[in-house]
Structures are given as structure tokens and as C-alpha cells.
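Hi everyone, thanks for coming.

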Amino acid sequence: MTPTEYIWMNGKLVKWEDAKIHVLSHVIHYGSSVFEGMRAYKTERGPACFRLHEHTDRLFDSAKIYRMEIPYTKDEINNAILNLIGANNLEACYIRPIAYRGYKSLGVDPTGVPIDVAIGVWPWGKYLGEEALVNGVSVCFSSWNRLAPNTMPAMAKAGANYMNGQLIKLEAKSHGYAEGIALDVFGHVSEGSGENIFMVRNGALITPTFAASILPGITRRTVIRLATDMGIKVIEQNVPREAVYLADEVFFSGSAAEITPITRVDNITIGDGKRGPITEKMQNAYFGIVEGRTEDKYNWLTYVPEYKGVPA
Ligand code: PMP
């Protein structure tokens, strides 16, 4: 991680090295946080956040599920993000807003524990490697399932969910794969540790439904919209594991992973083992918009205004 100058904490810009919390904060012991991950891209008109409003909406949705009252409005969070990118003078960055239960008492019951909010921004390259975007990655199915319904809500982007994500990722890496794909507890394909998954079969896109314990990905939503507008059929359905092996193309979608081709699953070659034409088409459409090279007809970019403020 490349440190930047400022972190936004509870309404103030503080120095990166001073952005600390107490070790007895509720979040540290119980994973009680909800957060977001998004990117700002370098464009000719300066840095632009991709789908800022949708990410902030999802942050508030995650908080609602966990009965957490975020003590800021969505506009305040959006402005804080834009201002922070300006204050740190970044051309492009990853953006991590987090709301967490802070320091007061340490019972499981969080009543009365303050909800603190912090935002960090820093430069972050390609999540699965630069080369992965062209050559694809080799992945495996995980022996760990995604969260069962009625245990932990997969639709919330909550810190604690990523204990499950870590198991999936570390197991995959220990076997030499770039990433793991988890099934849900009913055996249907769910998602990667930090990505949604798409398959291409006979020219149509297939992706698991929300009921398969997935995070409702904003990149997933982006791919569905772009594909539909290109006349590509998109089917959201339960997906059996073996359908992934038989797909013509497979790819991951995510704010960090962007659109990454998957060329091998469990050491079975997908299609001809190369990035497929529909995957490439989706990448071109996605990167064209996020990098400001093609018209942003969906209004997905929020440009960072010129930074004028003096940090508090
Ligand atoms: N699933 C999980 C578990 C994730 O962590 C992410 C990354 N936030 C995604 C899917 C993709 O979501 P998005 O496209 O909104 O980044």
C-alpha cells in the first residue's frame, strides 16, 4: 500500500499516520464494519470516480441491514471522497470508505457504541496483475462455501464477511491459483473472494442471481447494462459448477479486479484457453467509459473538482 497524505476521519482530514483507532474498538473484536471499494480513474479531465453514488448507496444499504446509523448524509460522504482525492493530489486511486462500531463498550451488544466513519484513498494497480487482464487467470473452486442465507447477509458488504473471503483466497493461493470461486451452501456457483463471476455460452452472458449468496456488485450491474445495450442476452440464474467448465468464456467483475478473464478453472481449460471475444468487448466498453475515452452516456463518472480547501 502506498501511503498518501490524508485520511478522512469523522469529518476531518488527518495525517495518514495519525489515522488510528483504539484496540478495544468494537469493530476489532467483532468485525462490525461496513465498507465500500471503488476506483477513481485518470481521465483527460482529471480524476473521475466510477459510480460514486451507487457505491455510497450500497454503503448505506449495508449499514441498514446491520442497523447502523451512519452519522453523515450520502452527499456528505460523496463530497468527502471527492475532496479527499483532491487533498491528496491523486490522478487515480482506490477509494475505501468504512463505517464501523467504535470505542465505548465491548459486549456483543453494540447499543450506544458510536458509528465512526473513515475514508482512505491510495494508488492501487491492477488487482490480479496487469497481465491478467489480457492473458486471464487460473482459478479453482473453493472447498469453502459462501455465507449461508440466515447466517450472515451476503448482500451487505460487511468487514466480517471477508473472513470467509480470506479462507477462499488463501486456500486458492496455497494450491497455486490466482483466486477461488465459492459455491453457495446449496451447491450453486456464487462468486470469487472479491469478484462476481460471468460465463459466456453460445453468445449469451450467464451470471448467478442475488439468491446465490453474492454481493450485488456494481461492476456486475455495469456489465449487465453494457451487454444488454450491445444486444447481448444476459441470464441471471442458478449455475451448476460444471457449467463453468463448459462455458465458452468466463470472467470476473469487480471494482478492484475490473473485468478479468478466467482461462482455467480447476486446471480445466475454458474455451480455447485465451481471453474470449465477448470478454474483450466488455473490457473495451468498460475501460472506454472509466478512462473517459468514450462518451459517458450513463453518467457513471463523477469528476473530482479542483481542490481549493485547506485541510483541517
Ligand atoms: N463480491 C465480493 C465478495 C466483493 O468483495 C466484491 C468487491 N466489492 C464484488 C463481488 C464485486 O463488487 P463491485 O463490482 O461492486 O466491486
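Let's begin with a word we'll need: a pocket is an open set of grid points where a 1.4 Å probe fits, with protein on both sides within 12 Å along at least five of seven lines. Keep in mind that what you see is a predicted model. In this model, the space taken by the ligand is the largest pocket.

Which elements give two or more residues to the shell around the ligand? They are helix H2 (52–65), helix H6 (218–229) and strand E14 (249–254). The ligand is surrounded by 16 residues, and the closest are Lys-157, Tyr-162, Ile-218, Thr-219 and Ser-255. Sorted by class, the shell has 9 polar, 4 charged and 3 nonpolar residues.

Now let's look at some contacts. The side chain of Tyr-162 has an N or O atom 2.4 Å from an oxygen atom of the ligand. For the side chain of Arg-58, that kind of distance is 2.8 Å. Ile-218 takes part through its backbone, where an N or O atom lies 2.7 Å from a ligand oxygen. How much of the ligand's accessible area does the protein cover? On its own the ligand has 380 Å², and the protein covers 96% of that.

Finally, let's zoom out. The protein has 8 helices and 17 strands. Its radius of gyration is 20 Å, close to the 20 Å that the globule rule gives for 312 residues, so the protein is as compact as a globular protein of that length. Along the principal axes, its C-alpha atoms fill a box of roughly 55 × 50 × 30 Å.

Conventions. Residues numbered from 1 in each chain as written. Predicted model: local features only at pLDDT ≥ 70, side-chain atom pairs only at ≥ 80, totals over all residues. Heavy atoms only, no water. Near = heavy atom within 4 Å. Polar contact = N/O pair within 3.5 Å; in protein donor to acceptor, adjacent residues only side chain to side chain. Areas by Shrake-Rupley, 256 points an atom, 1.4 Å probe, with all protein chains shown as cover. 1 Å grid on protein atoms, 1.4 Å probe; cavity = no way out; pocket = protein on both sides within 12 Å on 5 of 7 lines; lining within 4 Å. Sits in = over half its atoms within 2 Å of the grid points. Helix = DSSP H or I, 4+ residues; strand = E, 2+ residues; numbered from the N terminus. Nonpolar A, V, L, I, M, F, W, Y, C, P; charged D, E, K, R; others polar. Rg over C-alpha atoms; globule rule 2.2 N^0.38 Å.
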